[in-house]
Amino acid sequence: MRALLTKVEQASRLDRSGDRLQRAVLGTLRPRRLRDLLHGVTLGHPLHPAMVQVPVGAWISAAVLDLMPGQRRPATVLVGLGTLSALPAAVAGLNDWAALSREQRRVGLVHAATNTVGMTLYAGSLAARLSGRHGVGRGLGMLGLSVVSLGAYIGGHLAYKQGAQVNQSVPELNRISDGWHSLAEMADLPQRTLVTREVDDVSVILYRHGDEVTVMLEHCPHQGGPLGEGEVQEMDGHACVVCPWHGSAFRLNGGEVMQGPSGNDQQVLPTRIQDGVLQTRLP
């Protein structure tokens, strides 16, 4: 499976279909607030992984009930619940997928296609159960569970091997040593201007507003974009840095994500001023 998925990552022939689907998704989900909601901006982490718990939990529970006598009705209800709840979870997943890199989109396309087959099998299972053909419904349900389990495996590869929608910047904290680190003389820091510095070879951005200075990891949590090259914009009364790659925005006074496609907050480091020198450390 690992060798097969590596080939999928490199399968450029998937790009034509993927590009068409990406344009369709972006064209359909036009409102920024809708996309941000589906990305999980309001939660501070991606929404799709949380949403898939409902269909997966319902389908697994239905499979358990199918193995027990006299449980046709609750099993049918759970299959219906899983099938219906899979639709909004799929929309959230497509929204995240449309903002990924090309190699990630190739694997994501196979992940989506596999889960679509699984959802179709569960829709057939529900139809069979409602028409009284419970044996057929159970068979289609077990087959559907097998297919969506394969889809979950592919999704795990997408997230944990390719890093899709996981925080790309936080692992850099492991490269910063303990203790306070000097960054700059306060007298040399300009007001309301992004400044890039390094802490143990980890790039951070500094932003001074009055006597307050924010120190934030520079690489965007979405795809590692250079926030130090971004613009500072005001959103809902807060100064925010906007990633130049994909437009994710983060509050400079707290790191909260204000605009997707990132669903993760950005890490801000504690600061202090010693003898006119700005210092920072690990959280």
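The chat below takes the cavities, then the sheet.

User: What should I know about the numbering and the model?
Analyst: This is a predicted model, where local features need pLDDT of at least 70, side-chain atom pairs count only at pLDDT 80 or more, and totals for chains, interfaces and linings use all residues. Residues are numbered from 1 along each chain as its sequence is written, and side-chain values use heavy atoms, with hydrogens and water left out.

User: OK, how many cavities of 30 Å³ or more does the structure hold?
Analyst: Two. A cavity here is a set of points on a 1 Å grid over the protein atoms alone, where a 1.4 Å probe fits but cannot get out. Grid points are joined across faces, edges and corners, and the volume is the space filled by probe spheres set on the points.

User: How much space lies in the largest cavity?
Analyst: About 40 Å³. Its lining residues (an atom within 4 Å of a point) include Trp-97, Asp-15, Asp-19 and Arg-105.

User: Which helix gives the most to that lining?
Analyst: Helix 7, with four residues. Helix 7 spans 102-130, and helix 2 (15-28) also gives two or more. Helices are DSSP runs of H or I, at least four residues, numbered from the N terminus.

User: What classes of residue line the largest cavity?
Analyst: Five charged, three nonpolar and one polar. Asp, Glu, Lys and Arg count as charged; Ala, Val, Leu, Ile, Met, Phe, Trp, Tyr, Cys and Pro as nonpolar; the others, Gly among them, as polar.

User: And what lines the second largest cavity?
Analyst: Trp-59, Tyr-122 and Met-142 are among the residues there. By class, that lining has six nonpolar, one polar and two charged residues. The space is about 30 Å³.

User: Which helix has the largest share of that one?
Analyst: Helix 5, with four residues. Helix 5 (53-66), helix 7 and helix 8 (134-161) each give two or more.

User: How many bridges join strand 5 to strand 6?
Analyst: Five, and the two strands run antiparallel. Strand 6 covers residues 238-242. Met-235 stands opposite His-238 there.

Notes:
Two strands pair if DSSP finds at least two bridges between them. On a 1 Å grid over the protein atoms alone, a cavity is a set of points where a 1.4 Å probe fits but cannot get out, and a pocket is an open set with protein on both sides within 12 Å along at least five of seven lines; lining residues have an atom within 4 Å of a point.
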